[in-house]
Amino acid sequence: MGDTTLYERLGERPGIRAVVDDFYDRLLADDDLGPFFEGADVESLRRTQTDFLCEAAGGPETYDAAPVREAHIDVPFTPAHIERAVELLYESLDEYGVPDEDADAVVQAVAQYEDDLLASPEDDAV
Ligand code: HEM
């Protein structure tokens with residue numbers, strides 16, 4: 001692997017988009033997580049999530065949607081929801097043959113926002 005970047009190993013934007021599409025298909029089909037996306041503009045989420053992961057993997061893209069905390073402040077996630085989402089993301093990465101070490105790096109890029117994903121409006125009120 002030497003001097004390749006994670007972005008290159010994932011297949012640059014098309015490879016990352018494929019994983020993101022698979023991940024969103026799994027999220028939408030999930031009994032617990034799917035309902036959160038009712039009425040959401042999923043097409044735009046697929047695109048912004050692709051930007052987010054491209055940037056995190058060292059690509060030239062920049063994530064310019066709402067900050068993660070702001071985007072999810074009204075979504076009542078529990079830690080179990082985030083665990084389930086991480087599980088599904090690993091399944092998508094595995095589906096595309098991403099090796100464990102690279103899969104861990106991608107999951108880490110999302111998981112480090114766990115506190116922001118779990119934040120609720122009351123957190124800001126106190
Ligand atoms: C850290 C990586 C993530 C980023 C950058 C991200 C980004 C976003 C953005 C930009 C929005 C749209 C906000 C808006 O337009 O109002 C959003 C909404 C949402 N995200 Fe994420 N997200 C991330 C992780 C997750 C995870 C792990 C889940 C787990 C299921 C998730 C589920 C949702 C849901 C349910 C919505 C609300 C849809 C709606 O009602 O409009 N997100 N996210």
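Axes here are lines fitted to C-alpha atoms, for helices over the stretch in contact, and angles run from 0 to 180 degrees between N-to-C directions. This is a predicted model, where local features need pLDDT of at least 70, side-chain atom pairs count only at pLDDT 80 or more, and totals for chains, interfaces and linings use all residues. Residues are numbered from 1 along each chain as its sequence is written. Helices are DSSP runs (H or I, at least four residues), numbered from the N terminus.

Helix α2 (residues 12–29) packs on α3 at an angle of about 130°, and their axes are 9 Å apart. That makes α2 oblique to α3, because angles under 35 degrees count as roughly parallel, over 145 as roughly antiparallel, 65 to 115 as roughly perpendicular and the rest as oblique. From α2, Arg13, Ile16, Arg17, Val20, Asp21, Tyr24 and Leu28 meet Val42, Leu45, Arg46, Gln49, Thr50, Leu53 and Cys54 in α3 (contact means C-beta atoms, placed from the backbone, within 7 Å). Sorted by class, this contact of α2 with α3 has eight nonpolar, two polar and four charged residues. Ala, Val, Leu, Ile, Met, Phe, Trp, Tyr, Cys and Pro count as nonpolar, Asp, Glu, Lys and Arg as charged, and the others, Gly among them, as polar.

**Helix α2 against α5**

With helix α5 (residues 79–95), α2 packs at an angle of about 135°, and the axes are 9 Å apart. So α2 is oblique to α5 too. On the α2 side, Val19, Asp22, Phe23, Arg26 and Leu27 meet Ala85, Leu88, Leu89, Glu91, Ser92, Leu93 and Glu95 in α5. The class count for α2 with α5 is seven nonpolar, one polar and four charged residues.

**Around the ligand**

The ligand is surrounded by 19 residues, the closest being Phe36, Ala40, Ala65, Ala71 and Ala85 (a residue is near a molecule if its C-beta atom, placed from the backbone, lies within 6 Å of it). The elements giving two or more residues to this shell are α3 (42–56) and α4 (68–72), and α3 gives the most, with four residues. By class, the shell has 16 nonpolar, three polar and no charged residues.

**A look at valine 107**

Valine 107 sits in helix α6 (residues 100–111). It counts as partly exposed because it has 16 C-beta neighbours inside 10 Å; 20 or more would be buried, and 12 or fewer exposed. Leaving out residues up to four places away in sequence, valine 107 touches Val86, Leu89 and Tyr90. Valine 107 and leucine 93 are 14 residues apart in sequence and 9.2 Å apart in space, C-alpha to C-alpha.

Definitions and conventions:
Two residues are in contact if their C-beta atoms, placed from the backbone, lie within 7 Å.
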